[in-house]
Amino acid sequence: MDWISRPDAWIAFATLTVLELVLGIDNIVFISILSEKVKEERQRLARTVGLAIAMLSRVALLFSISWVMSLTEPLFTLLGREFAGRDLILVFGGLFLLGKATREIHEKLEGEEHGRSASGTATFTSVIVQIALLDLVFSLDSVITAVGMADDLGVMVSAVIVAVLFMMVAAEPVSSFVSRHPTVKMLALSFLLLIGMTLVAEGLGQHISKGYIYFAMGFSVFVEMLNLRAKGTSAPVDLRGPRMPPEGPAPAEG
C-alpha cells in the first residue's frame, strides 16, 4: 500500500478509474437489459450480482496478470493469421453478443410464439450465467487497459473496485430510464450490436479505436435526448412482449 503516498500513483488511480467507468458503460447496458428477463422483484438483485461478478472477474484477472498476458501468445495460424487465446475469447464473445442482441430486438418487436408472460421469462440462474460469460469478455479489455496504465497492483485493484461501485449506483437509474423509454431500449440494443461487431473485429485483428465507438454511441444518445425532449409528455410506443396463444374460437353472437 506504499502507493498511497505517491502523487503519480494517485494520478494513475484517477485516470484508470475514469477509463474503467467508460469501459463499463457497455456492461451496464447489457446487465440492465438482461435483468429485465427475471421477475420484477429480483431484477435489482440480478443487476447487483451481475456487477459484483464483473468486479470479481476483473480483480481475479488482475491477480492473474501473467495468465492474462499469456493469452496474447499465438496458439495457431489460420489463413495466414495467428490467433491467440484473447482473440478467440473476443470473437466468440462478440458473436454471442450479436446473437443475443438480435434475439432481444426480435422479441421486443415481433414477440414470441410461445405462451409465456412478458416478465420473468428466464430463470435467475440463467441470466446470471449469461452475465458472467460476457463479464469475462468485457473484463479482458478492462484488465489489459489497467496493466498498461499502472504498474502497482494495488492501484489497479482499487481503481476497478471504485469504478464498479460507481457502476452499481448508476445501474438502477440507467435500467429504470431504459425500461421507461422503448426507443432508448432499442438504441441500447443497437449499441450491443455495435460492441459485438467491434469485439469480433478485434478478435480478427482489425483494430477499431474505442474513441470512434464511444463517439457514435454518445452522439446517438444526444440525438435521442433531443427526440425525447421534443416529444414531451406524449405516450411512448409499447414494445411487444411474448405473444400469447389464442384461447379458442370467439363465441358466436346470438
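Visitor: Which residues is Q43 in contact with, leaving aside its neighbours within four places in sequence?
Guide: With those neighbours set aside, Q43 is in contact with S35, E36 and V38. Contact here means heavy atoms within 4.5 Å. The model is a predicted one, in which local features need pLDDT of at least 70 and side-chain atom pairs count only at pLDDT 80 or more, while totals for chains, interfaces and linings use all residues. Residues are numbered from 1 along each chain as its sequence is written, and side-chain values use heavy atoms, with hydrogens and water left out.

Visitor: Where is the place of Q43, and is it buried or exposed?
Guide: Q43 has its place in helix 3. Helices are DSSP runs (H or I, at least four residues), as strands are (E, at least two), numbered from the N terminus. Q43 is buried, as its relative accessible area is 14%. Buried means under 20% relative accessible area, exposed over 50%, and partly exposed in between, with a 1.4 Å probe and protein chains only.

Visitor: Changing topic, how many salt bridges does the structure hold?
Guide: The structure holds three salt bridges. A salt bridge is a side-chain nitrogen of Lys or Arg within 4 Å of a carboxyl oxygen of Asp or Glu.

Visitor: Which residues are linked in a network of salt bridges?
Guide: The network links R44, R47 and E172. In another pair, E172 meets R47 at 2.8 Å, N to O.

Visitor: Are R44 and R47 buried or exposed?
Guide: R44 counts as exposed, at 60% relative accessibility, whereas R47 is buried, with a relative accessible area of 6%. E172 counts as partly exposed, at 28%.

Visitor: And which side chain meets that of R81 in a salt bridge?
Guide: That is D87, at 3.6 Å, N to O. D87 is buried at 9% relative accessible area, while R81 is partly exposed at 24%.

Visitor: How many residues has the largest nonpolar core?
Guide: The largest nonpolar core has 48 residues, and F30, L97, I131, L192 and I195 have the most contacts inside it. Helix 6 (124-149) is one of the helices that each supply at least two residues, and helix 6 gives the most, with nine residues. A nonpolar core is a set of buried Ala, Val, Leu, Ile, Met, Phe, Trp, Tyr and Cys residues joined through side-chain atoms within 4.5 Å. In soluble globular proteins, nonpolar side chains tend to be buried together.

Visitor: What does L192 touch?
Guide: Not counting residues up to four places away in sequence, L192 touches D26, V29, F30, I33, L97 and A101.

Visitor: At what angle do the axes of helix 8 and helix 9 cross?
Guide: These axes cross at roughly 170° and come within 11 Å. Axes are lines fitted to C-alpha atoms, for helices over the stretch in contact, and angles run from 0 to 180 degrees between N-to-C directions. Helix 8 is therefore roughly antiparallel to helix 9. Angles over 145 degrees count as roughly antiparallel, under 35 as roughly parallel, 65 to 115 as roughly perpendicular and the rest as oblique.

Visitor: What about helix 7 and helix 8, how far apart are their axes?
Guide: Their axes are 5 Å apart, and helix 7 and helix 8 pack at an angle of about 115°. The two are therefore roughly perpendicular to each other.
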